[in-house]
Amino acid sequence: MQPNESPSDSRRYNRQLIQLKGCTVNRIRIRRPDDWHLHLRDGAMLKTVVPATARSFGRAIVMPNLKPPVRTVAEAQAYRERILAARPTGSDFEPLMTLYLTETTTADDIRQAARSDFVHAVKYYPAGATTNSDSGVRKLERVYPVIEVLEQQGLPLLMHGEVTDADIDVFDREAVFIERHLDSLRTTFPDLKMVLEHATTQDAIEYVQAAPGPIAATITVHHLLYNRNALFEGGLRPHQYCLPLIKRERHRQALINAVTSGNERFFLGTDSAPHPKHAKESDCGCAGIYSAPAAIELYTEVFEAAGALDKLEAFASLNGPAFYGLPVNEDFIELEKHSWVMEREITAAEDTIVPLRAGQPIGWQQSNG
Ligand code: DOR
Ligand code: ZN
């Protein structure tokens, strides 16, 4: 395999490998993946979490829900510099920046973002939906004039697709968002590039498969690996708590079918979201799962279990760049099948973070940088 081989060459290579080994594949090679939904936080924590992602991923769409949020191109530029300064020596990991959509975002903010070469999308949070979402949007229609500019400029709108009304069951928040908002957004802005972030339900998958116009969904590894029983396995499990919540088994199966189908509307977005251990293990624990230290290995486990290792590369490395209009990464990563145990805790500045699968085995390991 040469560094300049085409995506279809390496798909064929992996398929051959699977056939050759009669379905016991011990090693795969894929074009370097990207993470299309990532939380890196800020300050001293960057020194821990940026290398964890840069180890595997060429680029990442960086979420803007800092405190205060990243609302302007100038703020995104300064944040980008801080991320670049936290890269390991020799890394050319590229943070793809986003702006946080508020009810005071202006058409000019969007035009400036479109003119910049480092802001790649705008993120919609419904106010109160999740970590640092207080500055989010209270009524979606209020930001329609700004969404119209996004559509004109070809900048994607990334959606935390949940409603936050107190009378809606928290497990139904995504399905109700789809029902109430997605169709009207689609018909009002037929050319708007939309990404339903961290899709968790069969409803979301069916919507994205069938909707007209440019639409896609990112899917996290934790929603692929676990159903909602994991939240209560032997007791309350704060480290399995994220938003949107993990759902019933039938939804997990729908997600697995979507990612292993090869449909180019689905691509990798970890939503890796580190919080200090004390903030998760609390009487009002934060939502967020830190999956970055083994993200690509865990996705590989999911694809292997589904008998679909030959579909991993499209989901992880090809579909995202195609949607964002960016080239695929030039280089490749290799993964080997062998068991290792994830650390129980990771030190990050003054804090510790409990990663996904802490203290438990993981079946694959990336073997090259
Ligand atoms: O679980 C989550 N954590 N979901 C989000 O939408 C935000 C994220 C965070 O920033 O912690
Ligand atoms: Zn997120």
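Buried means under 20% relative accessible area, exposed over 50%, and partly exposed in between, taken with a 1.4 Å probe on protein chains only. This is a predicted model, in which local features need pLDDT of at least 70 and side-chain atom pairs count only at pLDDT 80 or more, while totals for chains, interfaces and linings use all residues. Residues are numbered from 1 along each chain as its sequence is written, chains are lettered from A and ligands numbered from 1 in the order in which they are written, and side-chain values use heavy atoms, without hydrogens and water.

Q: Is histidine 120 buried or exposed?
A: Histidine 120 belongs to strand E5 (residues 119-124); helices (H or I, at least four residues) and strands (E, at least two) are DSSP runs numbered from the N terminus. Beyond four places in sequence, histidine 120 touches Ile61, Leu96, Met97, Leu155, Pro156, Tyr324 and Leu326, where contact means heavy atoms within 4.5 Å. Because its relative accessibility is 15%, histidine 120 counts as buried.

Q: Which residues coordinate the zinc ion (ligand 2)?
A: Donors are N, O and S atoms within 2.8 Å of the metal (3.2 Å for Na, K and Ca), and since water is not among the atoms, sites may look incomplete. Along the chain, the donors of the zinc ion follow the spacing H-x1-H-x231-D. Histidine 37 is buried at a relative accessible area of 1%, and histidine 39 is buried at 8%. At 2.1 Å, the zinc ion is coordinated through NE2, NE2 and OD, respectively, of His37, His39 and Asp271.

Q: What does threonine 220 touch, leaving out residues up to four places away in sequence?
A: Threonine 220 sits in the loop between strand E8 (215-219) and helix H8 (221-225). With a relative accessible area of 0%, threonine 220 is buried. Apart from residues up to four places away, the contacts of threonine 220 are His198, Gly269, Thr270, Asp271 and Tyr299.

Q: What is the phi value of histidine 198?
A: Histidine 198 is placed in the loop between strand E7 (194-196) and H7. At 2% relative accessibility, histidine 198 is buried. Its phi is positive, in a residue other than glycine, and is near 35°.

Q: How does alanine 349 count by accessibility: buried, exposed or partly exposed?
A: Alanine 349 has a positive phi of about 50°, although it is not a glycine. The residue lies in the loop between strand E11 (346-348) and strand E12 (351-353). Since its relative accessibility is 42%, alanine 349 counts as partly exposed.

Q: How is H11 oriented relative to H12?
A: Two packed helices are described by the angle between their axes and the distance between the axes. Axes are lines fitted to C-alpha atoms, for helices over the stretch in contact, and angles run from 0 to 180 degrees between N-to-C directions; under 35 degrees counts as roughly parallel, over 145 as roughly antiparallel, 65 to 115 as roughly perpendicular and the rest as oblique. The axes of helix H11 (residues 295-305) and helix H12 (residues 312-324) come within 9 Å and cross at roughly 140°. The orientation of H11 to H12 is therefore oblique.

Q: How many nonpolar, polar and charged residues make up the contact of H7 with H9?
A: Helix H7 (residues 202-210) and helix H9 (residues 249-259) pack with axes 8 Å apart, at an angle of about 30°, which means that H7 is roughly parallel to H9. Gln202, Asp203 and Ile205 of H7 meet Arg250, His251, Ala254, Leu255 and Ala258 of H9. Ala, Val, Leu, Ile, Met, Phe, Trp, Tyr, Cys and Pro count as nonpolar, Asp, Glu, Lys and Arg as charged, and the others, Gly among them, as polar. By class, the contact of H7 with H9 has four nonpolar, two polar and two charged.

Q: What is omega for the cis peptide bond joining lysine 67 and proline 68?
A: Proline 68 falls in the loop between strand E3 (59-62) and helix H3 (73-85). For the cis bond from lysine 67 to proline 68, omega is about -5°.
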